[in-house]
Amino acid sequence: MENTDNIYKKLNMLNKIYEFRQEDFEAENKKDRKELSKISHEIDIEDIEDEIKEMLNKEGKNEEAKEIIEKIQLLAENYEIQIAYYSQKNYKRGFKDAICLYTQCLQDSDTDI
């Protein structure tokens, strides 16, 4: 019974650490967004689309404008996909490392009993 209580306390502590880390992660993301806004280029895809449309509409090339805009949108999506992939991969790796460390601590504490 005492061993079960011990495990429950350790799992409860893991939950508290996870919740704290989640709050920390959100605060860090907010700080990162502020920092990145200082060094990011002040342009967005809509500005580029408008310029392409305007330029090619003058020349009567509406279809070419649409194709170029679609390619730019796909390129931006590719970057977003890559960023999401690596973020998820690194988060999972970090969480896996944390769980491995936690289980190792549990095993080490079990041998101390």
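**Entry 1: Glu63 and Lys66**

I began with Glu63 and Lys66, which sit 3 residues apart in helix H3, so about one helical turn separates them. Their side chains meet in a salt bridge, at 3.8 Å from N to O. I noted the rule for this term: a side-chain nitrogen of Lys or Arg lies within 4 Å of a carboxyl oxygen of Asp or Glu. Glu63 counts as exposed because its relative accessibility is 52%, whereas Lys66, at 49%, counts as partly exposed. For these words I kept the cut-offs at hand: buried is under 20% relative accessible area, exposed is over 50%, and partly exposed is in between, with a 1.4 Å probe and protein chains only.

**Entry 2: what kind of model this is**

I wrote down that the model is predicted, that local features need pLDDT of at least 70 and side-chain atom pairs pLDDT 80 or more, while totals for chains, interfaces and linings use all residues. Residues are numbered from 1 along each chain as its sequence is written, and side-chain values use heavy atoms, with hydrogens and water left out.

**Entry 3: the overall fold**

I looked up the helices and strands and found 3 helices and 0 strands in the chain. Along the sequence the pattern reads α-α-α. Helices (H or I, at least four residues) and strands (E, at least two) are DSSP runs, numbered from the N terminus. I also checked burial: of the 113 residues in the chain, 7% are buried. The chain exposes about 10,400 Å², with 55% of it supplied by carbon and sulfur atoms. Accessible areas come from the Shrake-Rupley method with a 1.4 Å probe, and for residues only the protein chains shown count as cover.

**Entry 4**

How many salt bridges does a search of the whole structure find? I got 4. One of them joins Lys38 to Glu35, with the closest N and O atoms 3.6 Å apart. Lys38 and Glu35 are 3 residues apart in helix H1, so about one helical turn lies between them. Lys38 is exposed, with a relative accessible area of 63%, and Glu35 is partly exposed at 46%.

I then turned to helix H2, where Glu54 and Lys58 lie 4 residues apart, about one turn of the helix. Their side chains form a salt bridge at 4.0 Å, N to O. Glu54 is exposed at 52% relative accessible area, and Lys58 is exposed too, at 67%.

**Entry 5: the largest pocket**

I looked for pockets next. On a 1 Å grid over the protein atoms alone, a pocket is an open set of points with protein on both sides within 12 Å along at least five of seven lines, where a 1.4 Å probe fits, and lining residues have an atom within 4 Å of a point. Grid points are joined across faces, edges and corners, and a volume is the space filled by probe spheres set on the points.

The largest pocket has a volume of about 360 Å³. It is lined by 14 residues, and those closest to its centre are Tyr18, Arg21, Gly94, Phe95 and Ala98. Helices H1 (2-39) and H3 are the elements that give two or more residues to this lining. By class I listed 9 nonpolar, 4 polar and 1 charged residues. Here Ala, Val, Leu, Ile, Met, Phe, Trp, Tyr, Cys and Pro count as nonpolar, Asp, Glu, Lys and Arg as charged, and the others, Gly among them, as polar.

**Entry 6: a surface patch**

Tyr18 and Phe95 turned up again, this time with Tyr91, in a nonpolar surface patch of about 300 Å². Such patches take residues with over 30% relative accessible area and no salt bridge; nonpolar side chains (Val, Leu, Ile, Met, Phe, Trp, Tyr) are joined within 5 Å, and like charges within 9 Å. Tyr91 is found in helix H3, residues 62-112, and counts as partly exposed at 39% relative accessibility.

**Entry 7: the second largest pocket**

The lining divides into 7 nonpolar, no polar and 3 charged residues.
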